Amino acid sequence: MDSKLFNFFRWVILIAMCIVIFVFSSSPATDSSNQSRTIVMKVIHFFYIDFDKKPVPEQAAIYSLLTILVRKGAHFSEYALLAALAFSAFYGIHNRILRLLSSVAAAALYACTDEFHQTFVPGRAGMMRDVIIDSSGALFGAIVACCIAAYFTAWTIIRKNSYY
């Protein structure tokens, strides 16, 4: 594949991820809660076969904990993916550390704008805690992408210099 076309697709995928995040953030609070509830209940019934037989306070505690993990895990993972995609799109930055920092900064800035956007969505609020979770996910995703890039660079160099 032509490298210019490949680089174009990197940017298209990054922009598509931004749009996906924007669409999820545009959902009113009731829709977002219903999505989370559906996922949480599937997780509960997968791991807790006897969930309905547990005491109500224990059910409430399990449900509450899993709701937090699912919702905040979604924040963390979507921004990890966003930063990894940004790391790929910023291919022109040859210094890998600068590329990593740029991708984290871009994802963290998008997290700030996303939380601001949520202040205009019914029932939603922009939360600094979510920006921190998003930025942590971005750092994780960028580090993973950087490690993968370093691995493939080393693998390519070793392969070129190998006589086998």
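**Group meeting: a predicted helical model with a VanZ-like annotation**

Colleagues, the UniProt record, in an unreviewed entry, places the feature "domain: VanZ-like" at residues 11-146. UniProt positions are given here in the numbering used for this structure, feature names are shortened, and annotations may be inferred rather than shown by experiment. What I show is a predicted model, in which local features need pLDDT of at least 70 and side-chain atom pairs count only at pLDDT 80 or more, while totals for chains, interfaces and linings use all residues. Residues are numbered from 1 along each chain as its sequence is written, and side-chain values use heavy atoms, with hydrogens and water left out.

Let me begin with the annotated spans. Residues 11-146 are 82% helix and 0% strand, and the end C-alpha atoms of that span lie 17 Å apart. Helices (H or I, at least four residues) and strands (E, at least two) are DSSP runs, numbered from the N terminus. The same record, again as an unreviewed entry, annotates "transmembrane region" at residues 7-25, 76-93 and 137-158. For residues 76-93 the model gives 78% helix and 0% strand, with 25 Å between the end C-alpha atoms. Residues 137-158 are 100% helix and 0% strand, and their end C-alpha atoms are 31 Å apart.

I turn now to the interior. A nonpolar core is here a set of buried Ala, Val, Leu, Ile, Met, Phe, Trp, Tyr and Cys residues joined through side-chain atoms within 4.5 Å. Buried means under 20% relative accessible area, exposed means over 50%, and partly exposed lies in between (1.4 Å probe, protein chains only). The largest such core has 21 residues, and those with the most contacts inside it are L14, Y79, L82, F87, L100 and A107. Two or more residues each come from helix 1, helix 3 (56-89), helix 4 and helix 5 (128-161). Which helix gives the largest share of this core? It is helix 3, with seven residues. Within this picture, L82 touches L14, M17, C18, I21, A107 and Y110, not counting residues up to four places away in sequence; contact means heavy atoms within 4.5 Å. A second, separate core of six residues includes V40, I44, I62 and V70.

S25 lies in helix 1 (residues 3-26) and is buried, because its relative accessible area is 4%. Leaving aside residues up to four places away in sequence, S25 touches D114, H117, Q118, V121 and R124. R99 sits in helix 4 (residues 96-118) and is also buried, at a relative accessible area of 10%. The side chain of R99 reaches the backbone oxygen of F87 at 2.9 Å. With residues up to four places away in sequence again left out, R99 touches F87, S88, F90, Y91 and I93. By contrast, L101, found in helix 4, is exposed, with a relative accessible area of 51%.

Next, the aromatic residues. Rings of Phe, Tyr and Trp (its six-membered ring) pair if their centres lie within 6.5 Å; planes under 30 degrees apart count as stacked, over 60 as edge-to-face and the rest as tilted. A search of the whole structure finds seven aromatic pairs. In one of them, the ring centres of W11 and F90 are 5.6 Å apart and the planes stand at 45 degrees, so the pair is tilted. This pair links distant parts of the chain, since W11 is in helix 1 and F90 is in the loop between helix 3 and helix 4, 79 residues apart. W11 is partly exposed at 39% relative accessibility, whereas F90 is buried at 15%. F76 and F140 form another tilted pair, 5.7 Å centre to centre with 40 degrees between the planes. Here F76 in helix 3 and F140 in helix 5 are 64 residues apart. F76 is partly exposed at 29%, and F140 is partly exposed at 48%. Ring pairs also link Y151, F152 and W155 into a cluster.

Finally, the cysteines. How many disulfides does the structure hold? There are zero, a disulfide being a pair of cysteine sulfur atoms within 2.5 Å. For C18, the nearest cysteine sulfur is that of C112, 14 Å away. C147 counts as partly exposed, at 48% relative accessibility.

Note on methods. A polar contact is a pair of N or O atoms within 3.5 Å; within protein, one must be able to donate a hydrogen and the other to accept it, and residues adjacent in sequence count only if both atoms are side-chain atoms.
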